[in-house]
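Dear colleague,

I am handing over the structure we spoke about, and below it I have set out what was found. Please read the notes with the structure open beside them.

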Amino acid sequence: MITTAIFPGRYVQGDEALATLGEEAARLGRKALLVCDPFVLDHLASEVRDGLGGRLPAVEVRFGGECSDEEIARIKAIAEREGADMVVGIGGGKALDTAKAVAYEMQARTLIAPTLASTDAPCSALSVIYTPAGAFKRYLVLPHNPDTVLVDTGVIVRAPVRLLVAGMGDAFSTWFEAEDCRTKRGANMTGRIGPMTAYALARLCHETLLEYGTLAKASAEQGVVTPALEHIVEANTLLSGLGFESGGLAAAHAIHNGLTALPQSHGAWHGEKVAIGVQGLMFLADKKPEMIDTVYDFCLSVGLPVTLADIGLGEVSDAELLIAATAACAPGETIHNEPAEVSPKRVLAALKVADAEGRRRKMQWAVA
């Protein structure tokens with residue numbers, strides 16, 4: 001049996017880590033293309049330029065908003081015209097996925113600097129490609145992980161608290177999906193079974209979220225960096241990234257992908273829809289009541305969605321939910337890593353029961 005794990009080449013995290021941007025980028029190339037989301041150029045441009053410190057020339061490009069084939073082609077053309085030999089992605093998950101895809105097309109090295117801890121995208125050898133309208137299109141599996149991931153927690157803590165919480169939702173799926181892959185002997189993102197290291201890191205991600213999630217949220221609400229915040233940023237970014245990529249994905253992310261087929265859900269963040277996917281996974285895979293308690297208690301404690309209404313689907317019909325459930329069960333989707341019977345009908349049932357349970361528990365939580 002061959003097992004495989006993949007990792008980023010270098011991980012840098014801490015308050016004011018952006019000050020090392022030039023030092024880290026200069027390890028990788030002679031001229032950088034900076035793929036920056038609008039927030040970066042509008043609010044962090046001086047910090048980015050100071051962080052570069054003249055270590056190498058750089059060309060700034062404003063990210064258009066969707067990690068689509070069209071946006072990747074547009075930015076690649078700019079990089080080639082400017083003679084850049086490395087790509088730096090700075091911003092949220094879709095900007096980072098676009099930077100990674102552009103670097104892949106250019107066969108260039110990559111530095112990823114997230115401004116949010118809202119997904120586990122920064123560390124992965126994966127770009128999620130959407131249509132220009134925002135619907136999931138496909139996974140682009142890359143030949144290697146980013147060369148460097150640079151996480152400035154002083155920047156992360158300035159983002160809306162909701163985004164840190166959404167990152168916890170994405171990270172919260174990590175252990176459940178990796179464990180189901182381990183049980184089913186399902187493939188991770190390399191197409192092979194993960195090693196024990198991957199499953200252990202996924203478990204550590206889970207334990208860190210349960211231990212520090214509410215404390216990190218309190219830190220973010222005060223706009224300060226604390227050890228608890230550092231732990232959760234690492235869990236959302238590094239541990240979740242390593243755990244999902246080398247441990248594997250299953251139903252939670254497939255359900256997320258299915259939900260993107262419903263335009264009403266597009267106002268919810270990736271991790272918020274993944275949290276709904278985790279809740280659906282509980283009933284699809286017949287998890288124990290104690291585990292279901294843990295899932296809902298954690299989601300409610302940090303403010304993650306627990307009902308379809310929480311992600312814009314309060315008026316969704318069964319016919320619409322069946323569209324999402326069918327997309328979640330598409331051939332090649334990660335839901336087939338579940339050690340359970342999978343079908344659109346069963347996914348629909350799981351989502352409806354999870355929603356009903358979420359509504360019940362939400363009322364109890366409000367009274368308590």
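Is phenylalanine 136 buried, partly exposed or exposed? At 22% relative accessibility, phenylalanine 136 counts as partly exposed, where buried means under 20% relative accessible area, exposed over 50% and partly exposed in between, with a 1.4 Å probe and protein chains only.

This is a predicted model, in which local features need pLDDT of at least 70 and side-chain atom pairs count only at pLDDT 80 or more, while totals for chains, interfaces and linings use all residues. Residues are numbered from 1 along each chain as its sequence is written, and side-chain values use heavy atoms, with hydrogens and water left out.

The structure holds five aromatic pairs, a pair being rings of Phe, Tyr and Trp (its six-membered ring) whose centres lie within 6.5 Å, with planes under 30 degrees apart counted as stacked, over 60 as edge-to-face and the rest as tilted. The rings of phenylalanine 136 and tyrosine 139 have centres 5.2 Å apart and planes at 65°, so this pair is edge-to-face; tyrosine 139, at 24% relative accessibility, is likewise partly exposed. Phe172, Trp175, Phe176 and Phe298 form one aromatic cluster.

The charged end of arginine 203 sits over the ring of tryptophan 175, 4.5 Å from its centre (for a charge over a ring, NZ of Lys or CZ of Arg is within 6 Å of the ring centre and within 35 degrees of the ring normal). Lysine 94 lies over the face of tyrosine 130, at 4.2 Å from the ring centre.
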